[in-house]
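Colleague: I have not looked at this one before. Can you walk me through it?

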Amino acid sequence: MWAASCLASCCAACACDACRTVVSSISRRSARIAYCGLFALSLIVSWILREVAAPLLEKIPWITQFNQTHNREWFETDAVLRVSLGNFLFFTTLAVMMVGVKSQKDPRDSLHHGGWMMKIISWCLLVIFMFFIPNEIVSFYETISKFGSGFFLLVQVVLLLDFVHGWNDKWVGYDEQFWYIALFVVSLVCYLATFVFSGLLFHWFTPSGHDCGLNTFFIVMTLICVFLFLIVALHPAVNGSILPASVISMYCTYLCYSALASEPREYECNGLHKHSKAVSTGTLTLGLLTTVLSVVYSAVRAGSSTTLLSPPSSPRAGAGKPLLPLDKADEHEEKEKAKPVSYSYSFFHIIFSLASMYSAMLLTGWTTSVGESGKLVDVGWPSVWVRIVTSWATAGLFIWSLLAPILFPEREF
């Protein structure tokens, strides 16, 4: 018994030393990576609790105080929402604290990049505290999460449009034959991928012998948008480029595939999964990793954007720096100069707050999934319609980005 106690104490001490070493190694350059790691950890904790926490929550009296009897899935969803709420409050608090930070001389700049032991402890305490709050608060958070998730998807679309237009302007700005050829080649590859992928969608999601009118409608609407993009972009009045049109076409086709792949496995028109109802560990793990990578990348790209809601003092030249720079800078020189911040710290944390809502909706099937599909990540009819509406919103915003300079020539876009 004494030996076991000593071993446990040694393990705890080693774990604390390891955590202290990792936290102390987080520098200004790696702070954004640390926030990504903390956010990814919240997703992993949510997924684990979704699988194992239901029997524990069923025994907590202040959670089981309701008039009707809930099934096991309700408790799984409740666990995910409570972790997400703690994560949301953590990043929202940081966002409020960072409002108005414009210079690296601001004391809050060091708070944004440092104090990681305090942040990790605060995050853990917030998540634990969420399991002591009433169900009504969690229910309200569930409702607003659907709106916050929609806004997060909208930010993703705006960032993509900004990226493709900037990409096109940069290559056209070189005004050399090589870059014009590169534009044509990339556009051609994107269109080939779009049409080949569309053919695969017809093959996978409109199997013969079944009435799959809804899937056919989704695919045909996507193809109509593809041709509409090309027509509008090449119109003499617009004088656009085919590169943005081709990239957005491929992205909309991907969103269509993502929507159709999110259809319940038992749905007869979902031929991709061949009606398999077995939920493997590999499928769950792959779904979680895909969710973590996509949400984290979108959150970092949005939060670090120097063109989207950046402080006025932020230099546009910062946009040319790597998204997650890892190289060591001359810290002494940085301290001597009163440099403006390169991105909005407050907006950076807001994006992670919205991403917390979005990830909770993915892990719970937008809180309405049932059956075996509910055990998967981002599967169910709500996920289908969210993807389709996002695809249509992308199409509408892209066409607006082409037509707006013509309709309102006196304004800058």
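Colleague: Fine. What should I know about the model before we start?

Modeller: This is a predicted model, where local features need pLDDT of at least 70, side-chain atom pairs count only at pLDDT 80 or more, and totals for chains, interfaces and linings use all residues. Residues are numbered from 1 along each chain as its sequence is written, and side-chain values use heavy atoms, with hydrogens and water left out.

Colleague: How many helices and strands does the chain come to?

Modeller: There are 14 helices and zero strands. Helices (H or I, at least four residues) and strands (E, at least two) are DSSP runs, numbered from the N terminus.

Colleague: And what share of the residues is buried?

Modeller: Of the 413 residues in the chain, 44% are buried. Buried means under 20% relative accessible area, exposed over 50%, and partly exposed in between, with a 1.4 Å probe and protein chains only.

Colleague: Which residues touch the most other members of the largest nonpolar core?

Modeller: Tyr 35, Leu 57 and Phe 352 do, in a core of 53 residues. Such a core is a set of buried Ala, Val, Leu, Ile, Met, Phe, Trp, Tyr and Cys residues joined through side-chain atoms within 4.5 Å.

Colleague: Which elements give two or more residues to it?

Modeller: They are α2 (31-52), α3 (54-57), α4 (72-97), α6 (116-129), α7 (135-174) and α13 (345-363). With 13 residues, α13 gives the most. Another core, of 24 residues, lies apart from this one and includes Leu 183 and Phe 229.

Colleague: Let's stay with α13. How far apart are the axes of α2 and α13?

Modeller: They are 11 Å apart, and the two helices pack at an angle of about 20°. Axes are lines fitted to C-alpha atoms, for helices over the stretch in contact, and angles run from 0 to 180 degrees between N-to-C directions. The pair is therefore roughly parallel. Angles under 35 degrees count as roughly parallel, over 145 as roughly antiparallel, 65 to 115 as roughly perpendicular and the rest as oblique.

Colleague: Which residues make that contact?

Modeller: Among them are Tyr 35, Phe 39 and Trp 47 of α2 and Phe 348, Phe 352 and Leu 363 of α13. Contact means heavy atoms within 4.5 Å. The contact of α2 with α13 divides into nine nonpolar, four polar and two charged residues. Ala, Val, Leu, Ile, Met, Phe, Trp, Tyr, Cys and Pro count as nonpolar, Asp, Glu, Lys and Arg as charged, and the others, Gly among them, as polar.

Colleague: Now α7 and α13. At what angle do their axes cross?

Modeller: The axes cross at roughly 115° and come within 8 Å. α7 and α13 are therefore roughly perpendicular to each other. Residues that meet there include Phe 151 and Phe 152 in α7 and Leu 354 and Met 357 in α13. This contact divides into 12 nonpolar, four polar and two charged residues.

Colleague: What about α4 and α7, parallel or perpendicular?

Modeller: They pack at an angle of about 80°, with axes 10 Å apart. That makes α4 roughly perpendicular to α7. Trp 74 and Phe 88 of α4 are among the contact residues, as are Ile 137 and Tyr 141 of α7.

Colleague: Last topic, Leu 293. Is that residue buried or exposed?

Modeller: Leu 293 is exposed, with a relative accessible area of 61%. The residue is in helix α11 (residues 281-303). Its C-alpha atom is separated by 8.3 Å from that of Ala 40, 253 residues apart along the chain.
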